[in-house]
Amino acid sequence: MSTTQSERLRELLEPLVSAQGLDLEEIAVDSVGRKRVLRVVVDSDTGADLDQIADVSRALSAKLDETDAMGEGEYTLEVGTPGAERPLTEPRHYERATGRLARFQLAQGGELVARILTVDAEGVDLEVPGVKGRKPTARRLTFEDIARARVQVEFGRRDDKSSSKSSENDKEEEEA
């Protein structure tokens with residue numbers, strides 16, 4: 001059975017990432033000119049801060065230096081998080097995106113943009129925004145119904161808690 005370099009790297013590095021309380025989401029080895037770049041993407045249910053990224057980067061670098069996993073020649077190690085418009089490929093990704101807007105490519109064709117409300121072992125419950133003054137509607141998708149999904153960036157979204165606080169603050173300012 002042949003294993004790819006990415007699979008070997010995953011076996012080597014995943015325990016180090018897990019020891020830091022993070023999940024190893026992705027490994028990619030790319031050639032950039034004569035150099036190679038090893039990109040490692042990590043995340044957790046609570047996100048990853050810069051200190052955690054630095055700790056993981058040091059641990060991975062030390063392990064790679066003591067093995068020949070990257071072979072001969074120079075390479076650059078880049079450790080980061082999935083980013084704002086992350087693809088949703090695992091049930092834990094959907095769980096982490098609860099409350100966020102996502103774009104779904106449906107397995108039967110078509111596309112849907114909806115907010116993720118809840119996630120369970122079989123799929124997701126969504127709120128589909130209303131169009132032209134209509135109220136939002138509920139929809140259920142199983143993971144089999146979803147070909148691809150990606151979190152969407154929302155600018156200027158006011159969540160319920162912050163909007164109620166700001167309206168309370170506005171009232172207090174008006175009264176003063």
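Reader: Where does Asp55 lie, and what makes Asp55 partly exposed?

Author: Asp55 is part of helix α2, where helices (H or I, at least four residues) and strands (E, at least two) are DSSP runs, numbered from the N terminus. Its relative accessibility is 32%. Buried means under 20% relative accessible area and exposed over 50%, with partly exposed in between (1.4 Å probe, protein chains only), so Asp55 counts as partly exposed at 32%.

Reader: What is the model, and how are residues numbered?

Author: The model is predicted, with local features needing pLDDT of at least 70 and side-chain atom pairs pLDDT 80 or more, while totals for chains, interfaces and linings use all residues. Numbering starts from 1 along each chain as its sequence is written, and side-chain values use heavy atoms, leaving out hydrogens and water.

Reader: With which side chain does the side chain of Asp55 make a polar contact?

Author: With that of Arg58, at 2.5 Å. A polar contact is a pair of N or O atoms within 3.5 Å (within protein, one able to donate a hydrogen and the other to accept it; residues adjacent in sequence count only if both atoms are side-chain atoms). The C-alpha atom of Asp55 is also 7.8 Å from that of Gln20, 35 residues apart along the chain.

Reader: Why is α1 called oblique to α2?

Author: Helix α1 (residues 5-19) and α2 pack at an angle of about 140 degrees, with axes 10 Å apart. Axes are lines fitted to C-alpha atoms, for helices over the stretch in contact, and angles run from 0 to 180 degrees between N-to-C directions. Under 35 degrees is roughly parallel, over 145 roughly antiparallel, 65 to 115 roughly perpendicular and the rest oblique. That angle therefore makes α1 oblique to α2.

Reader: Which residues of α1 and α2 meet?

Author: Leu9, Leu12, Leu13, Leu16 and Val17 in α1 meet Val56, Ala59, Leu60, Lys63 and Leu64 in α2, contact being heavy atoms within 4.5 Å.

Reader: What makes the pair of Tyr94 and Phe143 tilted?

Author: The count comes to 1 aromatic pair. Its rings, from Tyr94 and Phe143, have centres 5.1 Å apart and planes at 55 degrees, so the pair is tilted. Rings of Phe, Tyr and Trp (its six-membered ring) pair if their centres lie within 6.5 Å, with planes under 30 degrees apart stacked, over 60 edge-to-face and the rest tilted. Tyr94 sits in helix α3 (residues 91-96) and Phe143 in the loop between β7 (137-142) and β8 (146-151), 49 residues apart.

Reader: Are Tyr94 and Phe143 buried or exposed?

Author: Tyr94 is buried at 4% relative accessibility, and Phe143 is buried at 18%.

Reader: How do you know that Arg36 is buried, and what does its side chain reach?

Author: Arg36, in strand β2, has a relative accessible area of 18% and is therefore buried. Its side chain reaches the backbone oxygen of Met70 at 2.6 Å.

Author: Ser44 lies in the loop between β2 (35-43) and α2 (50-66). Its relative accessibility is 9%, so Ser44 counts as buried.

Reader: What makes Lys132 exposed, and what is its phi?

Author: Lys132 is exposed because its relative accessible area is 82%. Its place is in the loop between β6 (123-128) and β7. Although not a glycine, Lys132 has a positive phi of about 55 degrees. Most residues other than glycine have a negative phi.
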